[in-house]
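Here is a friendly walk through one structure, with an eye on its charged pairs, its helix packing and its surface. Have the viewer open as you read.

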Amino acid sequence: MEGPATEIRSFYSLRELRENVEEAIKCYKSLVADYSEWLGTLLRTMDTKENSEWAKKVAEMQKVLKAKAKVKKPGKKKREKAPQLIEWISFRDIMLCTDERGETEILFEVIEALNDKLNRLEKVKESIEQLEKYGLGRNIVYLTYIHEGVPEKIVFRPKKGVELERFVFETTFSVPKILKK
């Protein structure tokens, strides 16, 4: 496992934060491509002629995943789970499967979860790009709450040892002296 899925990180510019999000997007896209290739290879090598019911269920699951990828959901709704294709056994806090088709099921689930995360990261990236346009300043630390690998909240804090800029208008006036005669 990599780093923590939930953390608080400090970024010293919005650019640094955006680049971090772009790197995460790049990694997740690579993972989705790898898992999709693995799934495709697995589906091609399985003997689907022997089990036509299994082939129908796999096709149904692929349709469900494609439909979810195309439809953007307004607001947060409870996620509709893909149909369970095989029997899983609960052992304490983990699910076990003895069927070789369990591999395809977890690949479908992982690809779906990664695509959801990619969509969330893309939206966060767009938000950060909009913030960059406002030019918030150089003496700010962006304390970022990252939940499940996706930035969700940002606190703007002045850098230590630097006060927020205060503008003072100082000037001297010169008035010509009028001589009386």
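## Arg 120 and Glu 152

Let's begin with Glu 152, which is partly exposed at a relative accessible area of 43%. This is a predicted model, and in it Glu 152 forms a salt bridge with Arg 120, with 3.7 Å between the closest N and O atoms. Arg 120 belongs to helix α3 and Glu 152 to strand β5 (residues 150-158), so this pair ties together parts that are 32 residues apart in sequence. Arg 120 is partly exposed too, at 32% relative accessible area.

The whole structure holds 6 salt bridges. One of them joins the side chains of Arg 18 and Glu 132, at 2.7 Å from N to O. Since Arg 18 sits in helix α1 and Glu 132 in helix α3, the pair links parts that are 114 residues apart in sequence. Is Arg 18 buried or exposed? Its relative accessibility is 17%, so Arg 18 counts as buried, the cut-off for buried being under 20%. Glu 132, by contrast, is partly exposed, with a relative accessible area of 27%.

A further salt bridge brings together the side chains of Glu 22 and Lys 125, at 3.9 Å from N to O. Here Glu 22 lies in helix α1 and Lys 125 in helix α3, so parts 103 residues apart in sequence are tied together. Glu 22 is partly exposed, with 28% relative accessible area. Which residues end up in one network? Arg 18, Glu 22, Lys 125 and Glu 132 are joined into it by salt bridges that share partners.

The handedness of the α1 and α3 crossing is left-handed.

Following the sequence, their order is β-α-α-β-β-α-β-β. The chain has 181 residues, of which 24% count as buried.

## A nonpolar patch on the surface

Now turn to the outside of the model. Ile 89, Phe 91, Ile 94 and Leu 96 make up a nonpolar surface patch, and their accessible area together is about 380 Å². Strands β2 (89-91) and β3 (94-96) are the elements that give two or more residues to this patch.

Leu 96 is located in strand β3 and is partly exposed, at a relative accessible area of 40%.

## Two loops with positive phi

Some backbone angles also deserve a look. Most residues other than glycine have a negative phi. Arg 92 has a positive phi, near 55°, and is not a glycine. Where does Arg 92 lie? Its place is the loop between β2 and β3, and with 75% relative accessibility Arg 92 counts as exposed.

Glu 148 is another non-glycine residue with a positive phi, of about 55°. Glu 148 is found in the loop between β4 (140-147) and β5. At 39% relative accessibility, Glu 148 counts as partly exposed.

Definitions and conventions
Residues numbered from 1 in each chain as written. Predicted model: local features only at pLDDT ≥ 70, side-chain atom pairs only at ≥ 80, totals over all residues. Heavy atoms only, no water. Patch = residues over 30% accessible without salt bridge, like charges linked within 9 Å, V, L, I, M, F, W, Y side chains within 5 Å. Areas by Shrake-Rupley, 256 points an atom, 1.4 Å probe, with all protein chains shown as cover. Salt bridge = Lys/Arg side-chain N within 4 Å of Asp/Glu carboxyl O. Helix = DSSP H or I, 4+ residues; strand = E, 2+ residues; numbered from the N terminus. Buried < 20%, exposed > 50% of the residue type's maximum accessible area, 1.4 Å probe, protein only. Left-handed = near helix turned anticlockwise from the far one by under 90°.
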